[in-house]
Amino acid sequence: AGAERNIPRVDPFGIAADPKMRFLAEALDPMVMTRHLKRAVRAIRVRRHKPGRRCLIEYELDDIVLLGKVRAKGLDASSHHLMASLRNAGFDGNSEEGVSVPTPYGVIPELQMWLQEKVSGAPATDLLSEPGGVALAERIAEAIHQLHLAALPACRRHTMRDELGLLRAKLALVALEKPRWTQRLARILEACYRLGALSPRPATSGIHRDFYPDHVLVEGERIYLVDFDLYCDGDPALDVGNFIAHVSEQSLRILGDHRAMEDREQALAERFMDLAGEGCRAAIDTYATLTLVRHIYLSRQFPDRRHLSEPLLELCEHRLGVRQRNRQSSGLQRGPA
């Protein structure tokens, strides 16, 4: 018991009080976790928590650090299986292409948790703005194309209709918070539906669907792709467009100019099209625009990003060509068919 008291437990979020995940108190108990992992736990640190939804807990063992992913709605066994399948498909730590995914470590059903090894490496977020960022962007394009080629089965599908439906829901929330933007947001949404309608039906494959610089870790010549929680069958261009939009948002937020890393964005897109074909250019641009529109909503979720909401609104109006339109809108309840 004395040794247990000396084991560091860092929980800045108070996850044990989450009413949707009462079992998290056990996930913070070193003795309970030592029994589950069959190895001594040396430290426990809660890294992320979305109340009532999910959390990420780090377990330090003698010679390895594990990440436990917990989901309120139930064990995400499919993500654990996906990691194992990707490792078997050539994304292990010794892959010649230099692209890997973390090693899965097992599941704990009673804690609705699956585990993977924590990998080292710096997030691409920190590296893209440095010298060598263009070359890194090209390597990232090669890595995501390799994932698409693996074509591992997905238990979910994401279509353009789904993407637009998410935007409609998120922009409605922004309009509730900022009523004076209601007509501007409605015009943006209508333009997004028009843009989506122009996209041809894609050849789909397994895609990351949450692909952005934080989910790419770089360790020397090796790239790790992480956080596959949203993996699904969808348009490969979505991953590239999503990544590009996040770089644009990062440029605006950190460097004050959404074009500050435009050369990185272009390098990513061009290298991806070298591999996947020129035909996906329009779809990449479309998904980049739709993701920037979603960032209007995301900017409202972080107090230190709310000053970006209006610049993002203006950027999206410009990209969609709706800035000068003055016609009245019917609102955000339903997009065009």
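I note that the model is predicted.

I looked up the geometry next. The axes of α6 (residues 133-150) and α10 (residues 262-276) come within 8 Å. They cross at roughly 35°.

I then listed who makes the contact. On the α6 side I found Gly 133, Val 134, Ala 137, Glu 138, Ile 140, Ala 141, Glu 142, Ile 144, His 145 and His 148. On the α10 side I found Asp 263, Arg 264, Ala 267, Leu 268, Arg 271, Phe 272, Leu 275 and Ala 276. I sorted these by class: 10 are nonpolar, 3 polar and 5 charged.

I moved on to α9, which covers residues 236-255. I checked its span. At 1.5 Å a residue, its 20 residues should span 28 Å. I found the end C-alpha atoms 29 Å apart, so the two values agree.

I looked at both ends of α9. Asp 235 caps the N-terminal end. One of its side-chain oxygens lies 3.0 Å from the backbone nitrogen of Ala 237. After the helix comes Gly 256, with a positive phi near 80°.

I checked burial too. α9 is mostly covered, with 17 of its 20 residues buried.

I picked out Glu 249, which sits in α9. Is Glu 249 buried or exposed? I found a relative accessible area of 4%, and the cut-off for buried is under 20%, so Glu 249 is buried. I set aside neighbours within four places in sequence and found Glu 249 in contact with His 295, Arg 305 and Leu 308.

Note on methods: Residues are numbered from 1 along each chain as its sequence is written. This is a predicted model: local features need pLDDT of at least 70, side-chain atom pairs count only at pLDDT 80 or more; totals for chains, interfaces and linings use all residues. Side-chain values use heavy atoms; hydrogens and water are left out. Axes are lines fitted to C-alpha atoms, for helices over the stretch in contact, and angles run from 0 to 180 degrees between N-to-C directions. Helices (H or I, at least four residues) and strands (E, at least two) are DSSP runs, numbered from the N terminus. Contact means heavy atoms within 4.5 Å. Ala, Val, Leu, Ile, Met, Phe, Trp, Tyr, Cys and Pro count as nonpolar, Asp, Glu, Lys and Arg as charged, and the others, Gly among them, as polar. The expected span of a helix is 1.5 Å times one less than its number of residues. Buried means under 20% relative accessible area, exposed over 50%, partly exposed in between (1.4 Å probe, protein chains only). A polar contact is a pair of N or O atoms within 3.5 Å; within protein, one must be able to donate a hydrogen and the other to accept it, and residues adjacent in sequence count only if both atoms are side-chain atoms.
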